[in-house]
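Subject: A structure for you to explore

Hi,

Here is the structure I promised to hand over. Have a look at it first, and then read on for what turned up.

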Amino acid sequence: MEKLLKELQQAALQRETRRHFLHTCSTGLGAMALSSVLAGCGFFGRKDEPSADLPTLNDPMSPRSAQYAPKPQRVIYIHLAGSPSQLELFDYKPELQKYHGKDCPQELLTGKKFAFIRGVPKMLGPQGKFAQHGQSGAWVSDYLPHLQGVVDDITFLKAMHTDQFNHAPVQLMMHTGSARLGRPSIGSWVTYGLGTENDNLPGFIVLASGGKQPDAGKSVWGSGFLPSVYQGVQCRTDGDPVLYVSDPEGMPRDIRKQTIEAINQVNQQQYEEVKDPEILTRISQYEMAFRMQMSVPDAMDIKGEPKYMLDMYGADPEQGSFARNCLLARRLVERGVRFVQLFDWGWDTHGTSKDGSIDAGLREKCRQSDQAVAALLTDLKQRGLLDETLVVWGGEFGRTPMQENRDGQVLPFMGRDHHLDAFTVWMAGGGVKRGLSYGETDDIGYYAVKDKVHVHDLQATILHLLGFDHTKLTYQFQGRPFRLTDVAGKVITPILA
């Protein structure tokens, strides 16, 4: 009760603000000025609306129709923070082996910027043993034996390229369309456009593994200038999935519900006065938090899964892991969560340590994840969910075909530097062709030479598959309409089913 009184006092004090003065000044100019400012920031709805089926002001997360009928309804995006080497996994380059240990040709260095390479590095041949698999004949190395069995469900994009070569900026680019902070993440854009199908769970959920957060931090699942109701909700894999989701000691559930109702009555009055959509976010989040007390623990508890299912994923119900997060991702999309983001840290293989090498370290990360990813695709397919779920897998950039050297010194373990000109991402599920390899790199995997795909093209394609023209899913902010793909991006039509 004391907390409720403090909330009421705070609400009363907030009335005596510059905004309140402008709203009530006798000339009416203040209200006009305030309306202009708020409208310029997109506070009174969207310009270039994504559809005619708009969210009601009181329910910004209500499910909505896309611009045209999509095939997938949900997304599972698996991001391997640090970026796996495409040359060890998917991009088979036997020609590169011929140059192993030789000085890198000068034409590959002139005018190029690298994160760490200095001087003239040695070329580094592929460490994986490659073979073709499935009816599609996709090349996959022995680093990923389980994925070899599901390649006919996958479309590989082998000529990806980006604009940045350091982790944080390029992670932002991959997930928000810009290397600068402040833009909404792709998961936020998707929930902004489509809402959610489950009133009791967030529309955008984030699961992290590997022991650390991505280099770009939580901005990669932030909502930027969109209302904060659309930002990702990170769920923990140990303890309470969300902090404070349990009832406080001595606080009965009905009392907590009455408290939230009273707080939201105050919030509703304030919204009717100033029309700030962040107040609607506050109302929605209070109500969602109460409903999540029952729904989140159930969705995040895998102890009820049969043993064969746990074994298929390689998941331990008592321990947080990437495998457990893959199983949770299936449980969440099964319950109607719109966008599930998996981040796994530890894929940066420079060669500075055994764990960070492309022979031992990368093999271990693949061992920890390969079975679970293949199981996720198989599980979704068996349940009839793969056709309505889009699965995306990849890092933020590629790795160089030369061995990294720092300050001209060869590192103690095999490693590759960051590379922005060529890397591999794959997609599977609703709306994309299966068993396809799209794009090519040159003989040593240095440049993308055919069917190049930029990060903005990938984002445009994801939105297209979900039923949106990426140029029209916009939000008015600071005087102009913003979009995920900024002023670029084209749909990769040859991969569409």
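Let's begin with a term: rings of Phe, Tyr and Trp (its six-membered ring) pair if their centres lie within 6.5 Å, and planes under 30 degrees apart count as stacked, over 60 as edge-to-face and the rest as tilted. Please keep in mind that this is a predicted model, in which local features need pLDDT of at least 70 and side-chain atom pairs count only at pLDDT 80 or more, while totals for chains, interfaces and linings use all residues. Residues are numbered from 1 along each chain as its sequence is written, and side-chain values use heavy atoms, with hydrogens and water left out.

**Aromatic rings**

There are 16 aromatic pairs in the structure. In one of them, W189 and Y192, the ring centres are 5.8 Å apart and the planes stand at 75°, so this pair is edge-to-face. Both residues belong to helix α7 (residues 186–194), three residues apart, which is about one turn of the helix. (Helices, H or I with at least four residues, and strands, E with at least two, are DSSP runs numbered from the N terminus.) W189 is buried at 1% relative accessibility, and Y192 is buried with a relative accessible area of 1%. Buried means under 20% relative accessible area, exposed over 50%, and partly exposed in between (1.4 Å probe, protein chains only).

F225 and F482 make a tilted pair, with 5.1 Å from centre to centre and 55° between the planes. F225 sits in the loop between β5 (204–209) and β6 (233–234) and F482 in strand β19 (residues 480–482), so the pair ties together parts 257 residues apart in sequence. Both F225 and F482 are buried. One aromatic cluster is formed by W189, Y192, F225, Y230, Y475, F477 and F482.

**Nonpolar cores**

A nonpolar core is a set of buried Ala, Val, Leu, Ile, Met, Phe, Trp, Tyr and Cys residues joined through side-chain atoms within 4.5 Å. The largest has 53 residues, of which I76, I78, F90, L207, V340, L342 and W426 touch the most other members. With nine residues, helix α12 (residues 361–382) gives the most to this core. A second, separate core has 48 residues, including F225 and I462.

**Helix α13**

I462 is also one of the buried residues of α13. Ten of the eleven residues in this helix (residues 455–465) are buried. Just after α13, G467 takes a positive phi of about 100°.

Enjoy exploring!
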